[in-house]
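Visitor: I would like a close look at a single part of this model. Please take me through it step by step.

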Amino acid sequence: MAWTVPHTDVLLKVLGAPHQTDLVCSLFRLAEALVDRGATVQVWTCGEATGLTRTGSGDSKPAYRVDRAVDYPSTARLVRELLAGSPGRISWYACRFCCADRGAAEQIPEVRVRPAGRFWEHVLAADKTVVLGVC
């Protein structure tokens, strides 16, 4: 039997370079707020946003030059923690084409990589779709 996208209240599609604006912060705040209010959420990353969950990110950002003793989490670790803290309430997907095109084909195990042509299934499975980033 073929896998089908589970129904969710909201689909958050994320595009664009993650560290040029407050895009990542907005994504995490919105996803957490929705889950805290009882919504089910799916996140679909496209373009440069697929780098948020690539395995090469590790668990920590490179040491901060001002204070090397502080361990700042990578976005991959933040995603893992978000998913672990809300089992069954939030799921994370990455566009296979965008991952391959940007050298982010290796994603953390919690992320399901999907073909770009299947994005429509995610839209149909969600009551609402919100696009964050540059189109």
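Visitor: What is the order of the strands in the open sheet, and is the pairing parallel or antiparallel? Please look closely at the part around it.

Guide: First, the ground rules. This is a predicted model, where local features need pLDDT of at least 70, side-chain atom pairs count only at pLDDT 80 or more, and totals for chains, interfaces and linings use all residues. Residues are numbered from 1 along each chain as its sequence is written, and side-chain values use heavy atoms, with hydrogens and water left out.

Now the sheet. Its five strands follow the order β4-β3-β2-β1-β5, with parallel pairing. Strands here are DSSP runs of E with at least two residues; helices are runs of H or I with at least four; both are numbered from the N terminus. Two strands pair if DSSP finds at least two bridges between them. Strands of a sheet pair through backbone hydrogen bonds, either parallel or antiparallel.

Look at the edges. β4 (112-114) and β5 each have a single partner strand, so one side of each has no neighbour in the sheet. Neighbouring strands are turned by 25 degrees against each other on average, direction ignored. Axes are lines fitted to C-alpha atoms, for helices over the stretch in contact, and angles run from 0 to 180 degrees between N-to-C directions.

Next, β1. Six of its seven residues are buried, so β1 is largely enclosed by the rest of the structure. Buried means under 20% relative accessible area, exposed over 50%, and partly exposed in between, with a 1.4 Å probe and protein chains only. β1 pairs with β5 in the parallel sense over six bridges. Five bridges join β1 to β2, also running parallel. L12 has bridge partners on both strands: V130 in β5 and V43 in β2. V10 has K128 as its bridge partner in β5.

Now turn to the helix α1. It spans residues 23-36, which makes 14 residues. From first C-alpha to last it reaches 20 Å, close to the 20 Å expected at 1.5 Å a residue. That expected span is 1.5 Å times one less than the number of residues. Its buried residues are L23, V24, L27, F28, A31, L34 and V35. They cover an arc of only 135 degrees around the axis, which puts them on the same side of α1. The arc is that of the directions from the helix axis to the C-beta atoms. The face turned away from this buried side carries the exposed residues R29 and D36. Just after α1, G38 takes a positive phi of about 95 degrees.

How do helix and sheet meet? The buried residues of α1 pack against β1 (8-14), β2 (41-45), α2 (75-85), β3 (90-95) and β5 (126-132). Contact means heavy atoms within 4.5 Å. Leaving aside neighbours within four places in sequence, L12 is in contact with residues including L27, L30, A31 and L34.

That leads to the core. A nonpolar core is a set of buried Ala, Val, Leu, Ile, Met, Phe, Trp, Tyr and Cys residues joined through side-chain atoms within 4.5 Å. The largest one has 26 residues, and L12, V14, L27, V41, V43, I90 and W92 touch the most other members. β1, α1, β2, α2 and β3 each give two or more residues to this core. α1 gives the most, with seven. Apart from it lies another core, of nine residues, among them L11, L15, C98 and F119.
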